[in-house]
Amino acid sequence: MKNQNKAYLFGISAVLIWSTVASAFKISLTYLNPIQLLLYASAASLLALFAIIMSQGKLNLILKTNKKDVLICSLLGVLNPFIYYIILFKAYDLLPAQEAQSLNYTWAITLSILSIPLLKQKMSLKELLAIMVCYLGVLVISTKGEITKMEFANTTGVVFALLSTLIWSLYWIYNTKSKADPIVGLFISFCAALPLIFISTLIWSELPPVNLKAIAGACYVGLFEMGITFVLWLNALKLTEKASRVSNLIFLSPFISLILIHFIVGEKILVSTIIGLMLIIAGNVIQILGKKSKKAY
């Protein structure tokens, strides 16, 4: 099999798995509260990442990672998985899965906005248009299409969903400062975060129940949202002849996810969700085109 075909295979596999996680979040949260779900899922992800590192013969890289990168990765672990997933799971706990997952796709626009003060980047007119289109989609979804009334069905849930994009964007901006192997770096981040998650569970909640359905759901989230899919996507980007050929596949994920949310979770997909999601995706596409035109210039 040619490398590009392998890249498509890895990329499509990652996209299909990511499409299932919104449903998995919602189902798991019927058995666990957000921090309990994070505790189980992080433990499962940590084991999966360790197994991947072992299978790739990268165990020695953990010991060879310099102290500065260990510190950076450990601090990044506070952002992701600790803070990011608590906020994201809380958003899914408060909102219908279709709304939470759609709003979460604004993270690329949030990243663009944060890049201005943090990375000293300038904003083009296309990027400004992208922001306006994207957040128009947010308004459509969060008001269920009643934009003129400006009445939010669940303001707290919307705030948590948008706040999660802020944390995720900060994680990726500061992640560029780490020189560690991506998978090893993620493993170190999870090692640093797990004790914080455990202590937080004891303080603000209680240890999660030993329930087979709860554990199965959390392990699915840990393995496929946080662990294995990350490796599949990295391999796709590594093997592809052109990054855009793979990265554009990600736009399939939210629409496949809506289908699964309808049939697995049982939510009726609102027209306002579809329209809002299309606006958010359109905003992301405009932003990508804006970046390409700047590079060409």
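Helix α2 passes helix α9 in a left-handed crossing, meaning that the near helix is turned anticlockwise from the far one by less than a right angle. Helices here are DSSP runs of H or I, at least four residues, numbered from the N terminus.

Some ground rules. This is a predicted model, where local features need pLDDT of at least 70 and side-chain atom pairs count only at pLDDT 80 or more, while totals for chains, interfaces and linings use all residues. Residues are numbered from 1 along each chain as its sequence is written, and side-chain values use heavy atoms, without hydrogens and water.

Back to the pair. Helix α2 covers residues 34-55 and helix α9 residues 182-204; they pack at about 150 degrees, with axes 9 Å apart. So α2 is roughly antiparallel to α9, a label for angles over 145 degrees. Contacts (heavy atoms within 4.5 Å) include L38, L46 and F50 on α2, and F187, C191 and F198 on α9.

Next, the core. The largest nonpolar core has 67 residues, of which F89, Y92 and M226 touch the most other members. Such a core is a set of buried Ala, Val, Leu, Ile, Met, Phe, Trp, Tyr and Cys residues joined through side-chain atoms within 4.5 Å; buried is under 20% relative accessible area, exposed over 50%, partly exposed in between (1.4 Å probe, protein chains only). Helix α4, residues 67-94, gives the most, with twelve residues.

How many disulfides are there? Zero, in a search of the whole structure, taking a disulfide as two cysteine sulfurs within 2.5 Å. C191 has its closest cysteine sulfur in C73, 11 Å away, so too far for a bond.

Terms used
Helices (H or I, at least four residues) and strands (E, at least two) are DSSP runs, numbered from the N terminus. Axes are lines fitted to C-alpha atoms, for helices over the stretch in contact, and angles run from 0 to 180 degrees between N-to-C directions. Angles under 35 degrees count as roughly parallel, over 145 as roughly antiparallel, 65 to 115 as roughly perpendicular and the rest as oblique.
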